Amino acid sequence: MLAGRKVLIGITGGIAAYKSALLVRLLVKAGAEVQVIMTPSASAFVSPLTLATLSKRPVISEYFKVETGEWANHVELGLWPDLMLIAPLTANTLSKMVHGLSDNLLMTTYLSARCPVVVAPAMDLDMWKHATTRRNMQLLEQDGVYVIPPATGELASGLFGEGRMAEPEEQFEWIQNFFSKSQSLSGQKVLITAGPTYEALDPVRFIGNHSSGKMGFALAKACAAQGAEVHLVHGPVSIPVPQHPQIKVYSIRSAQEMFAQCELLFPNMAITICSAAVADYRPEVIQEEKIKKKGDTLQLNLVKNPDILKTLGHAKKPHQVVIGFALETTNELENAQGKLHAKQADLIVLNSMRKDGSGFGTDTNHVWLVEVGRVRELPLASKDHIAESIVQAIIEIKDEKQV
Ligand code: PMT
């Protein structure tokens, strides 16, 4: 599973750095190619010679060697790995990652990396608990960086608590799991629509809905975690948009803009997931000036928007998988089955407005996976978890199509 996998390990200046030698040994023994980059202070904690010997490659820590003029190209280093692991992650490097401070080779490589990145933090109890560290960890995760959480135990300071770096064996297991899972969609292009659309009435008003983008963003992250190249087309949202090397983001406002972007991307996509809450109608005319308050009623003429899912479902080639959502308030299953047929989708994910913790804005969802001749219920769970289950169902559909 790890044979031929390229893993870049960044080691920073913390006491746990010595443990990284064992991780390098485990990875190399499993057949992975390992390149170590050390920050300038890391070599005070573990010898570059040890790591070079175990990884069978010179350790890199400087941009260039003064004696030979040899240059370490951070862009090439960033393109090389299948996975980048920074272990131990100190508070200092964490803060640099969050702010994009590129004052050493590890940081410039991190900023150039196109592969998934995972960190194993190691800090003293109070540093780990500090509000700044909490905030930085949150921002790092929003940027799509994976975290192998620290354990609770005796710390180098003598204190006891959370902050101890996950053991090398645990990091190794995480990497193994990552590669076994990430193979399923690796190299596959996935188009995802997410969030609401806003249909302008005049320069200050629009017709919109309550979609937050959470479900669609969770799907984008779940597909990226499976190795897919994700194209995420989203409407106006107020939550952070995923920042992940494998997620390309297209921000639009109206249904027509979302339709135009999806039509451009669709022919090259293996999988399309329409999770956006797209307005079915838009005002026939967008007034150039703000509509003035006049009588007791106001008549609006609305015209139909293009149905993105239906258009793509009818245009799909035999190798393409198209997934839609249905948000219903009555006759849920019947309506979802109708949409499955009318929109020529391979699967409809049904969520009901009548279920608590489900639908718009919530962090959780309760859905049914509706296919021709089969309905599966996924009980209430976080949108991240639901997204992972939907992606598993998509992988099964894809595999069946290839048979
Ligand atoms: O964003 P969150 O706050 O996390 O909420 C998630 C969600 C509730 C928006 C999501 O889970 C969901 O149900 N999305 C679809 C909502 C919807 O518009 O359902 P619908 O039944 O009206 O549409 C059916 C399908 O057709 C959907 O896949 C929709 O994206 C698609 N559609 C609809 C109209 C249109 N003009 N073009 C479309 O592509």
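Here are a few friendly notes on this predicted model, point by point.

1. Some ground rules. Residues are numbered from 1 along each chain as its sequence is written, and side-chain values use heavy atoms, with hydrogens and water left out. Because the model is predicted, local features need pLDDT of at least 70 and side-chain atom pairs count only at pLDDT 80 or more, while totals for chains, interfaces and linings use all residues.

2. Start with the ligand. Ligand oxygen atoms sit 2.6 Å from a side-chain N or O atom of Ser 212, 2.6 Å from a side-chain N or O atom of Asn 351 and 2.8 Å from a polar backbone atom of Leu 309. Taken alone, the ligand exposes 780 Å², and the protein buries 95% of that (Shrake-Rupley areas, 1.4 Å probe).

3. Now the shell around the ligand. Helices here are DSSP runs of H or I with at least four residues, and strands are E runs of at least two, numbered from the N terminus.

4. Look next at helix α1 (residues 20-29), whose buried residues are Ser 20, Ala 21, Leu 23, Val 24, Leu 27 and Val 28. They cover an arc of only 160 degrees around the axis, which puts them on the same side of α1; the arc is taken from the directions from the helix axis to the C-beta atoms. Buried means under 20% relative accessible area, exposed over 50%, and partly exposed in between (1.4 Å probe, protein chains only). After α1 comes Gly 31, with a positive phi near 100 degrees.

5. On charges, a search of the whole structure finds 15 salt bridges, each a side-chain nitrogen of Lys or Arg within 4 Å of a carboxyl oxygen of Asp or Glu. Lys 343 and Asp 307 meet at 2.7 Å, N to O. Lys 343 lies in the loop between α12 (332-342) and β17 (347-352) and Asp 307 in the loop between β15 (302-304) and α11, so the pair ties together parts that are 36 residues apart in sequence. Lys 343 is buried at 17%, whereas Asp 307 is partly exposed at 28%. Elsewhere, salt bridges with shared partners join Glu 371, Arg 374, Arg 376 and Glu 396 into one network.

Note on methods. A polar contact is a pair of N or O atoms within 3.5 Å; within protein, one must be able to donate a hydrogen and the other to accept it, and residues adjacent in sequence count only if both atoms are side-chain atoms.
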